[in-house]
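Q: Let us go through the terms used for this model and check each against its cut-off.

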Amino acid sequence: MANAEFHIHTSISWCAAPDMTPEAMQAQATRAGLSVMGFADHLWLDPRRGSRPAVPWILRLREGLARLPAGGPRHLLGAEADCAPGLGAAGGDALRQLDFVVAAYHFADVRAGLVPWPRTVEELAARVLDGFRSLLDAPAARIAGHPFFIPPSVYRRLPEAVQERLGDVFAIVALGAGRFLPLAAERGIAIELNVKALGPWSREVMLPVLRTARECGCRFALSSDAHRLDEIGRTRGLARYLRDAGIGDRDLVTGDEFALEDERSPGTGRASGAA
């Protein structure tokens, strides 16, 4: 199984632990046997979730990464950019200055009142599919973050009858995803295998979606979605699940696909350790 891990948050994400510093994270990643670390701090469409400067704040991490001791995991500097239909992507075109972008849907259009809260199985499936489609247009998107994920804060607001029929929701999603997964493959956007989002209730219902993604030619990115040091390296726990989904090492991105010089803004350089 590949030892590249993406979607790791540092302490500049308000929801991450204060000891998530580059130095401590590199030490933990080395202990976990990682060869590549993808830093991906939050950029929110909803300013109430964090008002820190967006991409310029994240770019300051390059200085800290450049000072890390040689010989550790290779570093890629990215962001988890919140996306939603009608709202675009948090960070906009400035995202192109990063090595990669994890584009993720958190129901921001629903929370903002642009569309009503889903009250039926069909409405929820439609929101999930529309949310995934919005990821594919995000600037510099390289990873579709926790695709088709329903955040707990959204789940708790769903009618009980819908909560009890998530299998039916994902049956619709599995059918509808076939319209968008070929586009993800064409654009080189990997499907994230997020160890947190693939919780006990969602692993089984996501299998048909992941198998369809593989059949469409999509590749996949391992992500711990770490907010604490002890979460770095936990993607190892997905090994059996990957076999069940028919996903092998050749289907996983390694990071070599990211930070391509001809796709970067002039003068930004590569991430520390990428040379």
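A: We start with one residue. L207 lies in helix α10. Helices here are DSSP runs (H or I, at least four residues), numbered from the N terminus. This is a predicted model, where local features need pLDDT of at least 70, side-chain atom pairs count only at pLDDT 80 or more, and totals for chains, interfaces and linings use all residues. Residues are numbered from 1 along each chain as its sequence is written, and side-chain values use heavy atoms, with hydrogens and water left out.

Q: Why is L207 called buried?
A: Its relative accessible area is 6%. Buried means under 20%, exposed over 50%, partly exposed in between (1.4 Å probe, protein chains only). So L207 counts as buried.

Q: What does L207 touch, not counting residues up to four places away in sequence?
A: Y241, D244 and A245. Contact means heavy atoms within 4.5 Å.

Q: What makes α8 roughly parallel to α10?
A: Helix α8 (residues 166-176) and helix α10 (residues 200-215) pack at about 20°, with axes 9 Å apart. Angles under 35 degrees count as roughly parallel, over 145 as roughly antiparallel, 65 to 115 as roughly perpendicular and the rest as oblique. Therefore α8 is roughly parallel to α10. Axes are lines fitted to C-alpha atoms, for helices over the stretch in contact; angles run from 0 to 180 degrees between N-to-C directions.

Q: Which residues make the contact?
A: On α8, L166, G167, F170, V173 and A174; on α10, W201, V205, M206, P208 and V209.

Technical notes: Helix = DSSP H or I, 4+ residues; strand = E, 2+ residues; numbered from the N terminus.
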